[in-house]
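Dear colleague,

I am handing over the structure below, and I would be grateful if you could read the notes that follow with it open beside you.

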Amino acid sequence: MATAGKVIKCKAAVAWEPNKPLVIEEIEVAPPQANEVRIKIVATAVCHTDLYHLFESMHKDGFPTVLGHEGAGIVESVGPGVTEFQPGDKVIPLFISQCRECRFCKSPKTNQCEKGWAADRYDVMSAADSRFTCKGKKVLQFMGTSTFSEYTVINQMAVAKIDPAAPLDKVCLLGCGICTGYGAAVNTAKVEPGSTCAVFGLGAVGLAAVMGCKAAGAKRIIAVDINPEKSEKAKVFGATDFVNPKDHSKPISQVLSAMTDGGVDFSLECVGNVGVMRSALESCVKGWGVSVLVGWTDLSDVATRPIQLIAGRTWKGSLFGGFKSKDGVPQMVKAYLDKKVKLDEFITHNMTLAQVNDAIELMKHGKCIRTVLSVSPQ
């Protein structure tokens, strides 16, 4: 392309400081260096983790930054040493890298990787270096991706090449939320056929967890949320029951225990709230119940009584649904194209990058499942 090797000036939504609206700015995106890929972002969705950084963790060293980590685009140019990608490839940026060389990548037990932004700055949610500048200042790259920009530069170990037939404005959701929820059920919890499951929190991640429970053959899937409007949506993805904790005077764990003869086989917490995490664990049956923490938070300690675990329950966490990113995302794209995984049903709003603050407000107030922003024309 004519832009290869040159600095690109383009539009991006910059978060200059925490707890403030994003500002659409012209930024400069430097050419890719060794082992890097420059990508034209076509579509991106707003995920709660973007809001977490902006409004909850508000880490002082994490700004200014370009948010966004659930996107899809087209390779514009590649740096020296890149052989896996070429200009024109359809790709999904990955917030978890897969270098294929470290002890984690070589282990079948985890999808984590020792390299990438998360290696030593997971609390800041960005690496110290970036290819972005704006008004003469360095702008950080959020979670190694920064998809709220028309162009971004990413290390090739954090990019997945996908089927050229995939619609980018749909499969962008596989960059985070849908893989996170679906995989938590299928890969981490290892939900079994005929089992009973409870999913706490029915945002995109929770609904994807419901879909994963159904795909794994669960007989009963209880969807739990304090928003009654989520009930019908949950049924679209396979929920058999809906429970609103606000409708009951007893703790939700007791309600679920009464409904299921002692508790569910599997529970998934998809909120990122330590109180809900405890409720989800205590909703599991003793002896073999498995509860998975899926919602992202790092602000508070989580607690329970030791007897809950001594009695045989397992408490575990799931990052990106346990998918090894470069391998798993293309497989999920194929599953969508083969109509084995739903994506369209998660999208409640379509907007442009210029409307990013409106999209953030929708999510903040629980008025959307996923809003997809069109960033650049294909």
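For "domain: Enoyl reductase (ER)", an unreviewed entry, UniProt lists residues 17-373; its positions are given in the numbering used here, feature names are shortened, and annotations may be inferred rather than shown by experiment. This is a predicted model, in which local features need pLDDT of at least 70 and side-chain atom pairs count only at pLDDT 80 or more, while totals for chains, interfaces and linings use all residues. Residues are numbered from 1 along each chain as its sequence is written, and side-chain values use heavy atoms, with hydrogens and water left out.

Over residues 17-373 the chain is 27% helix and 23% strand (DSSP runs, H or I of at least four residues for helices and E of at least two for strands, numbered from the N terminus).

In helix 1 (residues 48-57), the buried residues include Thr49, Asp50, Leu51 and Tyr52, where buried means under 20% relative accessible area with a 1.4 Å probe, protein chains only. Among the elements that cover them are strand 3 (36-45) and helix 12 (356-364), contact meaning heavy atoms within 4.5 Å. Just after helix 1, methionine 58 takes a positive phi of about 45°.

Helix 5 (residues 177-189) and helix 6 (residues 204-215) pack at about 40°, with their axes 7 Å apart (axes are lines fitted to C-alpha atoms, for helices over the stretch in contact, and angles run from 0 to 180 degrees between N-to-C directions). The two helices, helix 5 and helix 6, are therefore oblique to each other, since angles under 35 degrees count as roughly parallel, over 145 as roughly antiparallel, 65 to 115 as roughly perpendicular and the rest as oblique.

Definitions and conventions:
Buried means under 20% relative accessible area, exposed over 50%, partly exposed in between (1.4 Å probe, protein chains only).
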